[in-house]
Amino acid sequence: MLVPPVSHDARLIDELFRVVYVLSFIVFIIVEGLIIYAVIKFRRRRADEMPEQVHGNTAAEIGWTVVPALAVGVVFGFSVDTLNRMTARGSPTAPLAHVHSLNDTEARRRIEEAKQVDLVIEVVGRQWVWQYTYPDGKLTTNETLVVPAGKTIRLDLTTPDVIHAWWMPAFGPMIYVNPGEVSYVWFNVPPGEYIGQCNVFCGVAHAQMISKVRALPQDEYERWYQEQLAALSGPTATGDPQRGQDIFMNQNICWSCHSIEGTKAQGKVAPRTLTGFANYDTIAEVVPNTADNLRAWLHDPQAIKPGTTMPNLNLSAQDIEDLVAYLQTLK
Amino acid sequence: MASVSIPARTEYLRHGLVSWLATVDHKRIGIMYLASTFVFFLLSGLMALVIRLQLTAPGLQIVNQDLYNQLFTMHGTGMIFLFTIPCLVGFANYFLPLQIGARDVAFPRLNALSLWLLIFAGVVMEGGFLLGILGLLPGGASNAAWTAYVPLSNKQFSPQIGMDIWLLGVVLLGISSTLGAVNFLVTAYTMRAQGMTIWRIPMFVWAMIVTAAMVLIATPVLTAALAMLIADRNFATQFFNTANARLWQHMFWFYSHPAVYIMILPAMGIVSEILPVFARKPLFGLKAVVVSTILIGVLGFTTWVHHMFVSGVDPIVERFFMLTTMIIAVPTGVKMFNWLFTMLGGSLNLKTPLLMCLGFLSTFVIGGLTGVIQALIPLDMQLHNTYWVVAHFHYVLFGGSVFGIFAGFYYWLPKITGRLLDDKLGKLHFALMWVGFNLTFFPMHFLGLMGMPRRIATYTADRGWELGNLIATIGAFMVAVSVLIFMVNFVRSLRHGARAGNDPWEGNTLEWTVTSPPPEHNFDTLPTVESERPARDLRLAASNPTVPAH
Ligand code: HEM
Ligand SMILES: [Cu+2]
């Protein structure tokens with residue numbers, strides 16, 4: 001493989017590839033060699049030459065049936081052996097361990113028990129971004145996944161829209177992420193920066209559905225993680241909640257789509273009520289509910305959740321600050 | 001006996017437009033098949049050039065992403081459904097009756113219906129595409145790839161009418177090719193000349209028999225899937241709702257993998273016709289070639305899940321389909337060696353038809369080998385949906401089918417037009433096409449191994465994919481020039497080409513016993529066949545009545 005393999009499975013794939021590459025190359029040379037030989041040796045030299053009328057040769061024909069059949073058998077054996085030694089796949093005794101229906105709790109339990117892992121990341125592939133959420137749900141990153149190197153990582157992949165495939169060429173196997181199902185990927189890689197992208201055509205911006213993995217030594221990883229958390233909980237709302245409420249209810253049209261108990265806002269467009277919004281874990285069920293994410297959401301909802309029906313309302317920075325302050329009072 | 005060329009007898013070709021529209025003559029229908037599918041080839045080829053231009057260098061925006069997606073969707077659909085499959089049917093229309101010594105196909109009117117359905121579907125699809133890219137259809141043309149996976153192709157994610165137009169077009173094509181298949185099977189079964197026993201059936205006819213049987217079994221499944229998707233999109237049925245997304249993949253590939261053999265077997269048939277003629281030797285191991293054709297037809301139905309190895313199938317099922325896919329290499333290899341040994345020890349007449357066959361052999365073997373490599377599940381997990389796959393299937397479809405089709409053109413056009421194509425121009429065409437083809441598609445193997453996914457409208461400069469893509473684009477334009485040369489050659493031949501006579505190549509099969517073009521009713525007296533090379537028998541008997549023919 002031209003992308004240097006860094007994981008256990010990628011190295012197995014690489015080995016198998018080398019074996020069949022050599023075998024194929026031999027066949028290739030034989031066939032092309034015979035073509036060239038025939039053209040040089042058996043060109044028509046005289047217009048009236050008449051070659052011997054050979055109709056066939058049973059022994060030879062049995063030969064070139066049996067030998068390739070044996071080769072196929074051998075290569076098949078090699079491949080099954082490789083498959084059995086790969087870690088990222090279900091085996092015949094634990095069928096479908098790598099993909100199963102979202103609510104198949106039994107399969108989920110088997111997955112949990114099958115392999116000891118150090119870190120589990122929830123991955124959502126949506127048109128057209130990969131989003132990685134860390135274990136306690138506080139931190140979500142887009143596009144780039146940062147993991148500790150030399151640790152076993154499991155990705156639990158889902159999609160809310162169409163089929164995607166998660167693939168890092170350097171890690172080997174790719175996996176489809178199907179609607180209504182969870183797919184799993186396991187890997188354990190050395191420190192480095194890796195790049196890959198969605199590998200099932202998923203609509204207009206499929207080419208932009210890039211994914212990067214940055215594997216850091218454990219201590220660096222932990223530092224990175226703490227920094228991210230700190231940035232998140234950073235400066236909370238500094239705006240004026242009173243003014244925010246006024247924008248929500250009077251100056252702007254938020255109220256027409258949203259509902260908040262005991263106010264004039266009784267809109268039915270947004271799927272969930274904003275009553276108690278401050279206690280929600282997420283904004284629009286995609287990113288953690290933090291002040292910064294809320295700012296980003298109000299600034300441009302499409303950027304956070306492409307395809308959402310919440311429009312961009314072209315709010316000024318001050319309006320956003322005040323709205324954030326107001327929304328955070330909705331306990 | 002060979003008939004004498006009387007101009008008046010080919011007068012039927014010169015009648016006006018109305019007679020062409022109304023004709024049920026298999027030869028004229030065959031000509032219209034070949035002509036219309038060639039136009040579709042050119043259209044899909046132009047789309048390929050735009051695709052290649054866009055990918056020449058990182059970050060190019062010659063077309064926007066949505067347009068790019070529409071382009072490769074129609075490129076693939078057009079090449080498969082509007083060119084390769086029906087073009088080979090066009091050859092069969094013209095030559096299958098002639099080769100078996102029949103006056104027409106069994107159901108001439110059904111035959112005309114197949115043709116007009118094809119043309120209508122082609123106009124609907126290309127028209128929808130054109131309106132779409134011109135911005136006259138809201139949402140544009142179909143842009144969900146030729147595989148149209150759900151849920152991407154359902155109403156929610158592809159709301160545009162262009163998607164329905166595309167689906168409808170493919171349905172019509174399915175009906176057209178099913179009708180054609182019935183016709184060929186019945187014709188080959190019931191209308192063979194006296195003496196044409198099972199082992200004397202020409203190889204191209206054998207290929208069409210197996211192909212037609214495959215079409216009959218496979219196409220209804222695709223048509224059903226398309227109809228279900230149309231219903232999902234327009235009548236709120238739930239055949240392919242999220243819980244059933246994989247059902248579409250099964251139904252689609254149950255047709256579309258056999259479709260690969262539907263495209264390659266007739267081309268293999270053409271090669272099996274041409275090699276013995278141009279080597280002046282019988283086909284080596286004729287029975288083995290026939291049996292392997294049938295085996296490929298049967299095994300072709302046992303491999304479709306290899307397209308789904310990474311979409312989540314049961315491990316046991318996967319291993320089964322890995323094995324069956326690999327086994328197909330065995331009958332394919334048998335054919336390869338039989339062809340090679342037909343040439344070895346022969347007297348090779350290195351004219352363009354033979355060169356095109358050599359093009360087939362030398363490139364198809366690469367497609368065959370990369371196919372086996374991909375069939376191995378561990379390798380497929382790394383190669384699936386990458387440019388490696390694009391390289392692989394172009395080596396099979398272009399390196400195989402298209403070289404076979406051009407071999408057929410150089411071999412049989414003289415029979416159709418009565419004029420030979422120029423051999424020098426033909427060789428130039430071959431050389432440019434062979435080199436251009438390999439420049440285009442060989443680097444794609446490496447791009448795939450470097451992790452370049454297929455169906456991406458652009459890429460960034462940090463991935464190391466520049467050189468391969470640049471070479472591929474240069475190669476694509478060489479192919480385009482070579483096709484232009486072919487067209488010039490063809491048009492010139494109509495006026496200036498040397499007269500073909502009945503039999504310019506010392507052919508083996510019955511079409512070479514009649515005039516070029518053949519008379520309207522094909523044969524004055526229905527021929528009797530005494531070996532698998534009846535035309536040769538007649539030729540030898542005429543030149544030396546005392547020597548036994550075979
Ligand atoms: C000069 C000739 C050709 C060139 C340069 C060319 C180029 C390409 C390229 C670059 C792609 C990949 C597009 C992408 O994934 O983004 C493609 C896809 C494809 N090509 Fe070609 N091609 C040529 C001829 C053919 C022929 C002769 C056939 C079939 C007989 C064919 C069938 C297909 C199919 C089925 C696809 C897949 C479309 C899809 O992904 O939905 N091509 N072609
Ligand atoms: Cu995607």
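Predicted model: local features only at pLDDT ≥ 70, side-chain atom pairs only at ≥ 80, totals over all residues.

First, the conventions. Residues are numbered from 1 along each chain as its sequence is written, and chains are lettered from A and ligands numbered from 1 in the order in which they are written.

Let me turn to ligand 1. A residue is taken as near the ligand if one of its heavy atoms lies within 4 Å of it. By this criterion, 27 residues surround ligand 1, and the closest are Tyr68(B), His75(B), His394(B), Arg454(B) and Arg455(B).

Which polar side-chain atoms lie 2.8 Å from a nitrogen atom of ligand 1? One belongs to His75(B), and another to His394(B). Arg454(B) places a side-chain N or O atom 3.0 Å from an oxygen atom of the ligand. A polar contact here is a pair of N or O atoms within 3.5 Å.

As for secondary structure, helices (H or I, at least four residues) and strands (E, at least two) are DSSP runs, numbered from the N terminus. In chain B, the elements giving two or more residues to the shell are α2 (26-55), α3 (65-99), α13 (387-417), α14 (423-449) and α15 (466-496).

The composition of the shell is 19 nonpolar, five polar and three charged residues. Ala, Val, Leu, Ile, Met, Phe, Trp, Tyr, Cys and Pro count as nonpolar, Asp, Glu, Lys and Arg as charged, and the others, Gly among them, as polar.

I come now to the backbone. In chain A, the peptide bond from Gln127(A) to Trp128(A) is cis, with omega near 0°; Trp128(A) sits in the loop between β2 (119-126) and β3 (129-133). In chain B, the bond from Val150(B) to Pro151(B) is also cis, with omega near 0°, and Pro151(B) belongs to the loop between α4 (108-133) and α5 (161-190).

The loop between α4 and α5 also holds Ala148(B), a non-glycine residue whose phi is positive, near 45°. Is Ala148(B) buried or exposed? Ala148(B) is buried (under 20% relative accessible area, with exposed meaning over 50%, for a 1.4 Å probe and protein chains only), its value being 0%.

Finally, Arg280(B), likewise not a glycine, has a positive phi of about 55°. Arg280(B) lies in the loop between α7 (245-279) and α8 (286-299) of chain B and is buried, at 9% relative accessible area.

Notes:
Heavy atoms only, no water. Polar contact = N/O pair within 3.5 Å; in protein donor to acceptor, adjacent residues only side chain to side chain.
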